[in-house]
Amino acid sequence: MQYRKLVEGGDSLSVLGYGCMRFPTKNARVDKEKAKEQMLYAFNEGVNYYDTAYPYHGGKSEVVLGEFIKENNLRDKVYIADKLPSFIVNKPEQIKTYFETQLKRLDTDYIDYYLMHMLDSLKSWEKLKEFGILDFIDEKKKSGQIRHIGFSFHGREEEFIKILEDYDWEFCQIQFNYLDEHNQAGVVGLKRAYELGIGVVIMEPLRGGNLAAKAPDKAKERFSKYKEQRSPAYWALRWLWNHEEISVVLSGMNVDEHIKENITVAKLTSPNSMSDEEIKTINDVKEIYRSLMKVPCTGCNYCMPCPFGVDIPGIFSDYNNKYFFGPRLARMQYIIRETGLFGTTKCAANLCTQCGKCEKHCPQNIKIREELKLAHKELDNTFMRVGMSIVGRIMGLRRADRK
Ligand code: SF4
Ligand code: SF4
């Protein structure tokens, strides 16, 4: 494993951080045993940074991470990153309450890296300041309950820089990957943080899988022309670790092979180690993606749940898949959402009432209502819907309508 520092003179952190937002699940619950086994494997391979947050897995992410650390007696060997759910803080006293709940869930006395979760503008940071966050941070740092302070960000570049320059942050967390160089904080934000000596953690390195297994054939074809055969995920991670400004890249891991591969790339990539040929390969692939993607959805789920049952990220994934892989499978998948076939709950875009609640939470600023309408128009197909419904009825696969 390679290690970099997030804070000058601070801890040596594995360049691969374990994202605890996508643990494996069984019967719609975290598969604790599997999650702990995978985290232990990563730890034994040198991973020492584990990132969780208050809402991940409905609060269970913090609990499972805490259990894993306790059961393996690792508290002084791993670094916990956790986040204040700033978007649901409406009263000053809630800051303390959430923090205490987090310590309890994690079963620990302190958090190594504590972030203000999902700031999206200077206004969102100002709100926390009005609620007394500065005194809270001072107090917790003095008592040792928080070791380092940072924020995670989804918003526009100029707002990122305003927040960055407004406080003596030690680190920040941004979405960055080879398709997002000019989206959100972007490369400008990354470089500004570096200039200010503020460490950077990267999230969404694979854009919710769109840069990995879901990579379109055209992108895979371009990668395959390189002399050495590597997966799309390998390329995406290598590109990130090639940046000296980046300290830790988070990956929400739940498949054994992916964990192994991520660790392999993390061991092999040093800053500025990519050749001109490798850079050209990535640049060509960027162009291919730009030409294919319809909606820049990362699958972060911040817009969910929709009160009317619309599976927003799922529908956008179908919509993008249509352009990555062709219409057939994407339409079949969408019609399953629409009809409730195969025991699924209906969750297609035709359930949308246009209430607009989701759009306030989208870090990508997607016009969700508008895009859902377009997705429905392109993915709904009467002929296929009727055909699949008949087959479903014959096979008894249709789920009863929800009351
Ligand atoms: S606008 Fe549509 S998709 Fe968004 S929350 Fe409202 S009903 Fe759900
Ligand atoms: S629509 Fe926006 S908030 Fe919802 S999953 Fe996609 S990127 Fe995230």
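This is a predicted model: local features need pLDDT of at least 70, side-chain atom pairs count only at pLDDT 80 or more; totals for chains, interfaces and linings use all residues.

Tutor: Residues are numbered from 1 along each chain as its sequence is written, chains are lettered from A and ligands numbered from 1 in the order in which they are written, and side-chain values use heavy atoms, with hydrogens and water left out.

Student: At what angle do helix α12 and helix α13 pack?
Tutor: Helices here are DSSP runs (H or I, at least four residues), numbered from the N terminus, and strands are E runs of at least two. Axes are lines fitted to C-alpha atoms, for helices over the stretch in contact, and angles run from 0 to 180 degrees between N-to-C directions. Helix α12 (residues 312-325) and helix α13 (residues 327-339) make an angle of about 160 degrees, with axes 7 Å apart. So the two are roughly antiparallel (over 145 degrees; under 35 is roughly parallel, 65 to 115 roughly perpendicular, the rest oblique).

Student: Which residues of α12 and α13 meet?
Tutor: Contact means heavy atoms within 4.5 Å. From α12 come G314, I315, D318, N321 and K322, and they meet P327, A330, R331, Q333, Y334 and R337 of α13. By class, that contact has 4 nonpolar, 3 polar and 4 charged residues (Ala, Val, Leu, Ile, Met, Phe, Trp, Tyr, Cys and Pro are nonpolar; Asp, Glu, Lys and Arg charged; the others, Gly among them, polar).

Student: How many residues of helix α9 are buried?
Tutor: Buried means under 20% relative accessible area, exposed over 50%, partly exposed in between (1.4 Å probe, protein chains only). In α9 (residues 232-241), 10 of 10 residues are buried, including W235, R238 and W241.

Student: And where is Q145 found?
Tutor: Q145 is in the loop between α5 (133-143) and β9 (146-153). Q145 counts as partly exposed because its relative accessibility is 22%. Its contacts, leaving out residues up to four places away in sequence, are F99, L103, D109, Y110, I111 and K140.

Student: Which residues come nearest to each ligand?
Tutor: Near means a heavy atom within 4 Å. Around ligand 1 there are 13 residues, with C306, C352, C355, G356 and C358 nearest. Ligand 2 also has 13, the closest being C297, C300, N301, C303 and C362. The shell of ligand 2 has 9 nonpolar, 4 polar and no charged residues, and α12 gives the most to it, with 3.
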